[in-house]
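Here is a quick tour for anyone meeting this protein for the first time. Have a look at the model, then read on.

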Amino acid sequence: MPGSSRPVHGPRPGRPRDRRGRGPRGPLSLAGPLSPRGVPADRTPRQSFDLIVTDVLASLQHQEPPAAPPVEVVVEEAPLLPSDWTDAVPTSTINPRGAGHRIVIYRLPITTRARTPEELTLHVVEVLLHRLADAWDISPDDLDPPS
């Protein structure tokens, strides 16, 4: 009613405001004294993916064969493919580099194939196991997946 001095009580009708589709706001979703650095909302998807790759590599590091050639692992968004490409988008590539190899892992093809965070980690483990086995010229079965 116009001119009414009655206070409005209770929740607002409809959905909560999320202008411009930016997601939750406030002290629990932003970095600050009320939300520690370990909160996943503080990380971008790229940072989260890089952290998964780093953790998987750290768990596989003790399984490196003696006298193995050096391997450099790089994460990129997506491969550059020709316009007439019809096959599935690759999840990684391996290239010789000096005395060793460079493994390039593509974030977007892997994340789009995973439905859950656990599945994403399993995809990263699988890709890294196969590429490291190629680089070291051993069977992927000889490299144990991280426990």
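## A first look around

Going along the sequence, the pattern reads α-β-β-β-α-α, which gives 3 helices and 3 strands. Keep in mind that this is a predicted model. Of the 147 residues in the protein, 23% are buried. The protein exposes about 10900 Å², with 56% of that supplied by carbon and sulfur atoms. Among contacts with a separation of 6 or more, 59% are between residues 24 or more positions apart.

**Helix H1 and its buried side**

Helix H1 runs over residues 45-60. Its 16 residues reach 23 Å from first C-alpha to last, close to the 22 Å expected. Which residues of H1 are buried? They are Phe-49, Ile-52, Val-53, Val-56 and Leu-60. These residues sit on the same side of H1 because they cover an arc of only 95° around the axis. In general, residues three or four places apart in an α-helix point the same way, because there are 3.6 residues a turn. The cover over the buried residues of H1 includes S1, strand S3 (100-106), helix H2 (107-113) and helix H3 (117-136).

Is Thr-91 buried or exposed? With 17% relative accessibility, Thr-91 counts as buried. Among the residues Thr-91 touches are Val-104, Tyr-106, Pro-109 and Val-127. Leu-81 is in the loop between S1 and S2 too, but it counts as partly exposed at 33% relative accessibility. Together with Trp-85 and Val-89, Leu-81 forms a nonpolar surface patch with about 240 Å² of accessible area.

**Salt bridges**

The count comes to 6 salt bridges, including these:

| Side chains | N to O distance |
|---|---|
| Glu-72 and Arg-97 | 3.3 Å |
| Glu-72 and Arg-102 | 3.3 Å |
| Glu-77 and Arg-107 | 2.6 Å |

Glu-72 turns up with two partners here, Arg-97 and Arg-102. Glu-72 in strand S1 and Arg-102 in strand S3 are 30 residues apart, so this pair links distant parts of the chain. Glu-72 is partly exposed, with a relative accessible area of 33%, and Arg-102 is partly exposed at 26%.

Glu-77 is partly exposed at 29% relative accessibility, whereas Arg-107 is buried at 11%. Salt bridges with shared partners join Glu-77, Arg-107 and Arg-46 into one network.

Conventions: Residues are numbered from 1 along each chain as its sequence is written. This is a predicted model: local features need pLDDT of at least 70, side-chain atom pairs count only at pLDDT 80 or more; totals for chains, interfaces and linings use all residues. Side-chain values use heavy atoms; hydrogens and water are left out. Buried means under 20% relative accessible area, exposed over 50%, partly exposed in between (1.4 Å probe, protein chains only). Contact means heavy atoms within 4.5 Å. Helices (H or I, at least four residues) and strands (E, at least two) are DSSP runs, numbered from the N terminus. Accessible areas come from the Shrake-Rupley method with a 1.4 Å probe; for residues, only the protein chains shown count as cover. The expected span of a helix is 1.5 Å times one less than its number of residues. The arc is that of the directions from the helix axis to the C-beta atoms. Patches are made of residues with over 30% relative accessible area and no salt bridge: like charges are joined within 9 Å, nonpolar side chains (Val, Leu, Ile, Met, Phe, Trp, Tyr) within 5 Å. A salt bridge is a side-chain nitrogen of Lys or Arg within 4 Å of a carboxyl oxygen of Asp or Glu.
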